[in-house]
Amino acid sequence: MRLPEIIDRLSLSVLTPALGFDSDVTGGYCGDLLSHVLAKATKGDLWITIQHHANVVAVAQVAGIAAILIVDGRLPSEETLARAKDGKIVLLGTTESAFAIAARLHTLLAT
Amino acid sequence: MSPRRIVESAVANGIDLIAIADHNSVSMVDTMAEVALAMDLSFLYGMELQTREDIHLLAYFDDSASCHGLAQAIYPLLPDRPNEPTYFGDQVIVDKDEMIVGSEPKLLVNSLDLGFNEAVALVREHGGLPVPAHVDRDAYGLIAQLGFVPEGVTFDLVETLTGELPAGFGDAAAICSSDAHQPDQIGQRTTIFNMNGATICEMILAAQRVDGRSVTACTKERRMK
C-alpha cells in the first residue's frame, strides 16, 4: 500500500513535511531496541516505535524502512528532524499506542 | 578522533586522568595509553559495552591485558553484521601518527548477545570496574532502557549527565564524563577524584569516602561558577 494512503487512513501526522513520501509500504515492524530492529526489520516496513532520538534515522536507512512512525504522541528532537531531513527518512506521528496503531496497520495491509 | 588531539584537548582542559571507552572495542587503547603517558596524563583502559537491552555499560581497567581479556570474551557476542561506512563511519584503527592500520569489519554500534547483569559480572570477572553509562540519558541509559535498576547488581560509581544520582543506586557515587565523540566535547563534563593514585581500586575507595577520599561530579557550568 502506498504511504500517503496509510497516512490518510490511519490519520498519521507528517513530522517531516519537506520530504516527499510516496513510497510503498509492504509490512510493519514494532520495536524499541534499535539493535533488534536493525536485525529484524525488512525493507519496506513501516517502523513503529517510541524511540525519537537521532540514531533511529541511521537504523531506518540501513534497514530500508519506508517510514518511522513515532507513537504515544512523542515528538522527535530537533536533531532527529534534521538528520531525517538529510537522510530523506520520513517521520510520522500518532497519539495512539504501538499496540493500537499496529493492529490497525496490520488490518489495513491485509485488505 | 586523533589520539594526539584527544590528549592535547584533555591537557588544555586541565584534565589529569583520561579513560578511553570505545564502543564494544579496545583496538585503540594501547595507542591511546602510549600517547597519554608520553604527555604525563594518567590513563585508564576501557570499553563501553552495549548490552542486549541496548544499555551502555562502561568498563575500566588498570592494565592492557585485562582490558583485552574482556574484549576477547565479548567479541564473539557481537553480531556478525558487517559495518556500513556510509551510515556508521569507517571504524578505522590508527597508530599514534594517525596512520590507518586497519578497520573493524563488524558493526560496533550494535548490541552484544549479553544481558546487562551478565555484562556487569563479566567485567568484574576480568578485573574491571563496571560503571553504568549516562544513566539519566533518555536513550541507551540503564533507567531509560529498563525503567529501573535491576536486582542483583550494585555499583560503586554511576555515570550521569547531570552529576545527580537518580534513585535506586544505593550508596553509589555519581560521576560525570564527557562521552566525547568529538575533540571539542572533551572537558564538557568531568569528575574530581580525591584519591591516592589513578587506579580503579582508588576510584572505588574514593566512592566509599575511605580515609578522606572523595568523588565530585561536575558539569562545565558548575565548574565555572
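## Chain A at a glance

Chain A has 5 helices and 5 strands, where helices (H or I, at least four residues) and strands (E, at least two) are DSSP runs numbered from the N terminus. Read from that end, the order is α-β-β-α-β-α-β-α-β-α. Everything here comes from a predicted model, in which local features need pLDDT of at least 70 and side-chain atom pairs count only at pLDDT 80 or more, while totals for chains, interfaces and linings use all residues. As for naming, residues are numbered from 1 along each chain as its sequence is written, with chains lettered from A and ligands numbered from 1 in the order in which they are written.

Take the contacts between residues at least 6 apart in sequence: 50% of them join residues at least 24 apart, a contact being two C-beta atoms, placed from the backbone, within 7 Å.

The model comes with ipTM 0.84 and pTM 0.92. Chain B has an average pLDDT of 94, and 97% of its residues score at least 70; pLDDT is the predictor's confidence in each residue, from 0 to 100. Where pLDDT is low, the predicted coordinates should not be read in detail.

## Two helix pairs

In chain A, helices α3 (residues 55–63) and α4 (residues 78–87) have axes that come within 8 Å and cross at roughly 25°. Axes are lines fitted to C-alpha atoms, for helices over the stretch in contact, and angles run from 0 to 180 degrees between N-to-C directions. α3(A) and α4(A) are therefore roughly parallel (under 35 degrees; over 145 is roughly antiparallel, 65 to 115 roughly perpendicular, the rest oblique). A:V56, A:V57 and A:Q61 of α3(A) make the contact with A:T80, A:R83, A:A84 and A:G87 of α4(A).

Over in chain B, α1 (residues 3–12) packs on α2 (residues 29–38) at about 45°, with the axes 9 Å apart. That angle makes α1(B) oblique to α2(B). On the α1(B) side the contact uses B:P3, B:R4 and B:V7, and on the α2(B) side B:T31, B:M32, B:V35 and B:A36.

## A buried glycine

A:G28 sits in strand β2 (residues 27–30) of chain A. Its 22 C-beta neighbours inside 10 Å make A:G28 count as buried. Leaving out residues up to four places away in sequence, A:G28 touches A:D45, A:L46, A:I48, A:A102, A:L105, A:H106 and A:L109.

## Two positive phi values

Most residues other than glycine have a negative phi. A:S11, not a glycine, has a positive phi of about 55°. A:S11 is in the loop between α1 (3–9) and β1 (13–14) of chain A, and counts as exposed with 11 C-beta neighbours inside 10 Å.

B:D40 also has a positive phi, near 60°. B:D40 lies in the loop between α2 and β3 (42–50) of chain B, and is exposed, with 9 other C-beta atoms within 10 Å.

Conventions
Buried ≥ 20, exposed ≤ 12 C-beta atoms within 10 Å, placed from the backbone.
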